[in-house]
Amino acid sequence: MTDSAVQQTAAITSELEDSIRRHLRQTLCRNPDQISPDDLFTAVALSCRSRFAEGMIDTETRFDQAGAKRLYYLSMEFLMGRSLGNNLINLGIYREMDDALSRMGHRLSDVLESEFDPGLGNGGLGRLAACFLDSLASRDLPGYGYGIRYDFGLFRQEFRDGFQYERPDHWLSDASPWLIERPSESVIVPLYGHIEHAEDQQGNYNPMWLGWDILIGVPYDLPVVGYGGETVTTLRLFSARAPDEFNMAIFNQGDYVRAVMEQIQSETVSKVLYPSDEIPVGKELRLIQEYFLVACTVRDIVRRYEAKYNGFEGFSSQVAIQLNDTHPALTVAELMRLLVDEQQMEWETAWRITQETCGYTNHTLLPEALEVWPVSLLERVLPRHMQLIFEINQRFLGEVKARWPGEDARLARMSLIAEGGEKQVRMANLAIVGSHAVNGVAAVHSELVKHQLVPDFYEMWPEKFSNKTNGVTQRRWMLLANPGLSALITEALGEGWVRDLSLLQGLTELAEDSAFNDAFRQVKTDNKSRLAGLIRNTTHIQVDPGTLFDVQAKRIHEYKRQLLMIMQVIHSYLRAVEDGHPPRAPRTCIFAGKAAPGYFMAKRIIKLINSVAETINADQRLQGMLRVVFIPDYKVSVAERIFPGADLSEQISTAGTEASGTGNMKFAMNGALTIGTLDGANIEISEAVGADNIFIFGLSVEQVKALRERGYDPRELYQASDSVRRVVDAIASNRFCPRDPGLFSPIIDSLLGADHYLLLTDFDDYLSAQARVAELYQSPRDWVRKAILNVANMGRFSSDRTIDEYAGEIWGLRSLRRRA
C-alpha cells in the first residue's frame, strides 16, 4: 500500500469514528461509554448510510439526465439479508470501519451480529430477487425492486421434541436505520365496490368502478449499494395503512371499537408474509396482498413517468416491468385499467403498450405454484379487473380460434379461465398473454416450460420464450460470506473477479499447485470450524470439523427430497451398527430449512430427521464416525456460515421438478463438491465443472417421464432392493419413534403407495454416488483439487451475467456509469 493510500485509509477511519460518536450523542442521545449493542449498531449503520446518501441522489440525477429506460422488478419476496456488512464491502470501507470500531474498544464482527436478519421471503425466489438488485446496482443499470414491507417475516423456526414450531419474526420491532419512509409518495389502493354500467358521450360502453374501500400504501426505500458505491438504487417496500379520514368519521360517530377494528384490518394486508390460504379469509387476504403490491407499484411507476413525459405512447420505451413468478400477474390487468379507464386510451393501443412493457419469469413446474384465483373472489374484491380479464380472454381466444379453428381442447387449455367446477383465473396464462417475454431460469427448466408446461403458448408465440439461467452475487456469497477464500483468490488473481466472475477461470492452473492447494484446504478447515461453532451454539451438539460436512440447506419440500438424504443416513447407520461396516469417511450430515406451517408431510420429514439424529448421536458404537444435525431457523445470515463450511452439497431433487436452484451455485463457488441429479442448474454446473468433478446420479428428465408413462409400482422396487427394503422397514418399525408408534406411517404410506418423487427408484444409485464421495474424500489432495476446479468454473453463475442477459434481451436497458 502506498503512503497516500495509507493516509487516505487513516482519514476514512477517523471520519467513521467521528461519525459513530456523533450519531451516538446527537442522533441517539447516548453516552458513547454507556451504550447497548443495538445503539452501537444503529450508530454504525447511520454512519455507513451517510457515506452513500449523496450517491443515491447522484444516481437518480444521472439516470434522469440520461433519459434512461428503467426496470421495475416486482416480487412478493425479497430475502435481502443483513445490510451492514454488504454495504461496507460495496462501499470499500469494511476494513476502515473495523479499525474505527477497534479504536472505540468494539469489534465489527459483534456489531454485524447485532443486525436483525429480515425474513421477507420463503427461499430461493426472494434470495434471487435480492441478488438481482445487487447486480443491477453493481452493473450501473437503472433498475428498482418493488415489494411489501411486511411487519412480520416468514417465521422463526424452533424445534420442540423434534417437531417444527413457528414463532413470529417481528423484524420491525426496532426501527430499521436503513429504511427511508416516503409518506409524500403514498398511494391510494381501491378494493371491492361495484361496477356501474354506463355509456360515454359517443354511446360506447363505459363501465365505472365505484364505491370502493380504500387502502393507503406508504413507501419505504431500502438503499441498494452497488459494488464500488458509484450506483445506489432502491428496493421500495409498501406498508398498508388505513385512510385516516374514514377512521375518524366512524370514531366521531361514537363507534370506537369499529374504528379501531377497521384500522387493524387495513394494516393486516402488510402484516405477514404469505398468510395461510387454506381458509377463505386467508385466501382473500393473500389476493389483496398481491393486488396491493401491484397497485402501489404501477401507480408509483406512472407517477415517475408522468413527472417527465406527456402522454403514454412512449411508456414502454421508458418502462420495463418484470413479474417475478405469478404473484404479480395482476399487473397486466392493473396497467390496462390505468390506460383504458384513467387515460381513456383505445383498447388496442393500451394492450400493445402493456405487452411491450411486461415480462414474466416462470420459476416452477409444480401446480401449487401456478396460481389460480376463484372468479367469484376476484369479482368481489376486484370487480373491474375481473371484467378486464374476461375481455382480455375473449379477444385472446378469438386469436386462437382464428389460427386453430375447431380445436376446442386447445381453447380450454389456453383460456385464462379454467371452466371445470368452480371457475378459476389462471394467473400464469394471464402473465404469458400480457407479456412480450417469458423466460425460464435454467436450460432444462426453460425447455420443460416450452414443451411440457405451456406447449400451446410456445407454439403460438415461440419468439416470446427464452432461458435466463439464474445466478448469485459473488459480493455477498463469496466476498462477504467467505473472506478467507476471497483473500486467497485476490492474492492469486487480483481484485477483478469481484466484478467479473469469469476471471475465476485463472484458478484452473493453480489446482495442481501444492502451496495453493494447502492454502485452499486451510481456508475450508477454518470455515468448517466456524460452522461447527454455529452448530454448537444453535443445537448444543459438538461436531468434528475433521469429518466430511455433508449438507442439504434449502426449503423443506418433498420434491427437494430431504427424505432421500436421511434415508441414506439411516442406511449408513444400519451398516455400521448391524453389519460392522462404519462409514469409510467419518461424516457429519447437516440439514437446514423451513417447512411451510401447513405442509404436513414436510413437517413430518423434519421430525424424522431430528429423531434419526437423536438416535444416531446417542449411539456410542459409532465412535464419532457419523453425526446428524438440523440447524434451526435457516435464513440468509445462517446460510452465510453454511455455504463456506460445506464439503458436499446435496442437490438431489427429482429430475424435472427444480426450476434452477441457486444454493447449488453458492455451495460450488465456496468450494463444495456437488452430489446431485440432472435437474435444474445442476446440469449446467456439471457442464461447467466437468463430469469428473461432480457426483451425478438418478434418472434424467426423459427417464422420469418414460417411467411415469409406463407406470411405476414402488412396492415392486421395495421387494427387489435389499437396501430400499431395509431402510423403509427401519422407519416403519418405530425404531426412531419408540414413544410414539406409527408416527412415521404417513411417510411409509407415501413411499410405498405412490412414491411420486421417485425416491425408491433413485435410492441405490444415490448410495453408489455416496460411495464415490467417500472414496474421494479419503484422498484429500484430489478432493481439494476438484473443489478448486469447481470454484474456477463458477463464472457463468454470477447474477451479473444473468442481469446482463435480461437487460440486453428483454428489458432494453443500458449501463450508465458515472463519467470520470
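Colleague: Where is Asp325 found?

Modeller: Asp325 lies in the loop between strand 11 (319-324) and helix 11 (331-342); helices (H or I, at least four residues) and strands (E, at least two) are DSSP runs numbered from the N terminus. Residues are numbered from 1 along each chain as its sequence is written. This is a predicted model, in which local features need pLDDT of at least 70, side-chain atom pairs count only at pLDDT 80 or more, and totals for chains, interfaces and linings use all residues, while side-chain values use heavy atoms, leaving out hydrogens and water.

Colleague: Is Asp325 buried or exposed?

Modeller: Asp325 is buried, with a relative accessible area of 5%; buried means under 20%, exposed over 50% and partly exposed in between, with a 1.4 Å probe and protein chains only.

Colleague: And what is the phi of Asp325?

Modeller: Asp325 has a positive phi of about 80 degrees, although it is not a glycine. Most residues other than glycine have a negative phi.

Colleague: What about Asp140, where is that one?

Modeller: Asp140 sits in the loop between helix 6 (124-138) and strand 2 (143-148). Its phi is positive, near 60 degrees, and Asp140 counts as buried at 4% relative accessibility.

Colleague: Turning to the whole protein, how many helices and strands are there?

Modeller: The protein has 33 helices and 23 strands.

Colleague: What share of the residues is buried?

Modeller: Buried residues account for 60% of the 820 residues.

Colleague: And what box do the C-alpha atoms fill?

Modeller: Along the principal axes, the box is roughly 90 × 75 × 60 Å.
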